[in-house]
Amino acid sequence: MALLSLSGVTLAFGGPRLLDGVDLRIERGERVCLLGRNGEGKSTLLKLIQGELEPDEGEIFRQQGLRVAHLPQQVPDGGDKTVVQSVAEGLTDGHGVHDHRVDSILSRMGLEPEARFNDLSSGMKRRVLLAQALVSEPEVLLLDEPTNHLDIDAIKWLEETLLRESATLIFVTHDRVFLSRLATRIIELDRGRIFDWDCDYPTFLRRRDELLAGEARQQALFDKRLAQEETWIRKGIEARRTRNEGRVRALKAMREVRSERRDRQGTAKIQLQEAERSGAMVLEAKGVGFAYGDTPVIRDLTTTIIRGEKIGIIGPNGTGKSTLLKLLLGELTPTAGTLRQGTRLEVAYFDQLKANLDEEKTVQKNVTENESIVINGQSRHIVGYLQDFLFPPERSRTLVKFLSGGERSRLLLAKLFTRPSNVLVLDEPTNDLDVETLELLEGLLVEYQGTVLVVSHDRAFLNDVVTSTLAVEGDGLVKEYDGGYDDYLRARGAETSSKPDVAELPKQANPAKEASRKRSYKEERELETLPARIETLEKSLSELHEAMADPSFYRQESSEIGAANARLEAVQRELTEAYARWELLESSA
């Protein structure tokens, strides 16, 4: 029996229906990712499941006594509450801060009970809110963009924590790596309907594109037939004399079908305006450091940034990434070393806090006070320009304070790209953007002829866009690595003889030294057996994925599902270790 189900659920807020006769079943143990464009109603669907909203039509069935917890998208103000008080608010049975469940979850999450919630970093606040959601031992956990504003280490911690929990997950995310690691099922919300995809994310993308292509062909055929019938009905007296009523009724029915069709929300048509090319050298830093008083924030930054490079900046929250950006932009003066900027730099800056938006002005007035703007040498009406960023005319007159997070991000991009630039500085641009707009932005940045500096915790975004990475370590040391995030991991793994995304590998000699000596007889035999071992592990992994893709898999007892998940992680870990060992032995003489 399903934990919860929706039957014929319909909901609207004055406009088109956000949900239009939706049916959905959630089985115990599933990890369901809810996808959809900004504004399609994903957060609204979570509120319906939680019971915060009631549908206009249809029914929502929950197992009796079902415990549902919610991790909200926005971090609330904690006032003067301590961590232990905040976590205890998740209990619904009247128990307080001394409940043993509170002590247990604080220990598991590594939280300091008496710390003030409002004094914590964004990542630690998210950890407290997750503890608050889990303390009641919910059977269903709802997560709305849980990775927003988390650094990569915190995101990976969250992934591992959720994989260990027994709760059924329903989550909204734009983080494609997070999605791929957690989701056992994908649900897409599109034009009020739900599409259920029992597959992994790459397969979902391929099948979804095939479905949309088929839909477009059907609609084109329908529109062609409708146009032919409209031509027939408008013919002269002779045609009207031979008109048959059945054909007229069929035409009326076709008109009704066409009027009720909801076209898919368009894709943003973002354009970058490029200024005159900068000098070949954009920035040069030699031993640059910065300190606040006696506290060092950045140290030993040495790099040369050439025109056209795409530089990713990563590091835990609070390690000085924003300070590093200000140094590179010349807003701060180094306290050590030398920093030299190139010539003819035209900088456009995307602020993660969206402080460049005026809450009390409309969308339109935030971009320009005029009726038109010049884009790539051509004058455009501001309303038409905003439609390219998915703001319909009525929405362009809305005050910014009423916009969603995704709309704010798109508005900031619209404002940013009204000015020509040859250096783009983007501070966490991916937060709140839907996946399609995110992928469009990636493509634009790759094609952009200027230089890009981007702070991001989105691993897929970094892999797709950047050509080199500046990593800010916890002590302020800045190191440069070629390539994106995965390249950074491989390089750092080579430096430390371990990889952070997998369990620690068995202790062994330094890889560089290993590569310089001859393999022993024992290692020769090990190298011969590794391909067969890898093949066996890959087969086991494939069989596990196939079994877990079957919807009936999640009708088992939760203990069996948990055991299968543990086996999957173990096989993945063994396979990673086997590949690492194979590469190491292959590189030896």
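V288 stands opposite L301 in β11, and that pairing is a handy way into this predicted model. The two strands involved, β10 (residues 281–292) and β11 (residues 295–306), run antiparallel and share eight bridges. Two residues separate them, making a hairpin, and G293 in the turn takes a positive phi of about 65°.

D190 has R193 of β9 as its bridge partner. The linker is two residues, and R191 in that turn has a positive phi of about 55°.

**The chain as a whole**

Zooming out, the protein chain has 20 helices and 20 strands. Of its 589 residues, 48% count as buried. The chain exposes about 28500 Å², with carbon and sulfur atoms supplying 48% of that area. If you look at contacts with a separation of 6 or more, 69% of them join residues 24 or more positions apart.

How far can you trust it? Mean pLDDT for the protein chain is 82, and 88% of the residues reach 70 or more. Among the elements, strand β12 (residues 310–314) has the highest mean pLDDT, at 94, while helix α18 (residues 511–516) has the lowest, at 38. Across residues 497–517 the pLDDT is below 50, and this stretch has 29 contacts in the model beyond near neighbours in sequence.

**The six-stranded sheet**

Strand β12 also belongs to an open sheet of six strands, ordered β14-β17-β18-β12-β19-β20, with mixed pairing. Which strands stand at the edges? They are β14 (347–350) and β20 (478–482); each has a single partner strand, so one side of each lacks a neighbour in the sheet. From one strand to the next, the twist averages 15°.

Inside that order, β17 (residues 423–427) and β18 (residues 451–455) pair in the parallel sense over five bridges. Helix α10 (residues 321–329) lies across β12, β14, β17, β18, β19 (468–472) and β20, and runs at about 145° to β12.

**Buried polar and charged residues**

| Residue | Helix | Relative accessibility |
|---|---|---|
| N366 | α11 (residues 363–367) | 6% |
| R459 | α16 (residues 459–465) | 3% |
| N565 | α20 (residues 558–587) | 9% |

Start with N366. A polar atom of its side chain lies 3.5 Å from the backbone oxygen of K361. Leaving out residues up to four places away in sequence, N366 touches N356, L357, D358, K361, V400, L411 and K415.

What does R459 contact, leaving aside its neighbours within four places in sequence? The list is I152, I155, K156, E159, D175, V177, F178 and Y485. R459 counts as buried because its relative accessibility is 3%, and the cut-off is under 20%.

For N565, there is a distance to note: its C-alpha is 8.9 Å from that of L544, and the two residues are 21 apart in sequence.

Most residues other than glycine have a negative phi. Two glutamates on either side of strand β6 (140–144) are worth a look with that in mind. E137 has a positive phi of about 55° although it is not a glycine, and its place is the loop between α4 (122–134) and β6. E145, also not a glycine, has a positive phi of about 50° and is found in the loop between β6 and α5 (152–164).

Are these two buried or partly exposed? E137 is partly exposed, with a relative accessible area of 48%. E145, at 8% relative accessibility, counts as buried.

Technical notes: Residues are numbered from 1 along each chain as its sequence is written. This is a predicted model: local features need pLDDT of at least 70, side-chain atom pairs count only at pLDDT 80 or more; totals for chains, interfaces and linings use all residues. Side-chain values use heavy atoms; hydrogens and water are left out. pLDDT is the predictor's confidence in each residue, from 0 to 100. Helices (H or I, at least four residues) and strands (E, at least two) are DSSP runs, numbered from the N terminus. Contact means heavy atoms within 4.5 Å. Buried means under 20% relative accessible area, exposed over 50%, partly exposed in between (1.4 Å probe, protein chains only). A polar contact is a pair of N or O atoms within 3.5 Å; within protein, one must be able to donate a hydrogen and the other to accept it, and residues adjacent in sequence count only if both atoms are side-chain atoms. Accessible areas come from the Shrake-Rupley method with a 1.4 Å probe; for residues, only the protein chains shown count as cover. Two strands pair if DSSP finds at least two bridges between them. Axes are lines fitted to C-alpha atoms, for helices over the stretch in contact, and angles run from 0 to 180 degrees between N-to-C directions.
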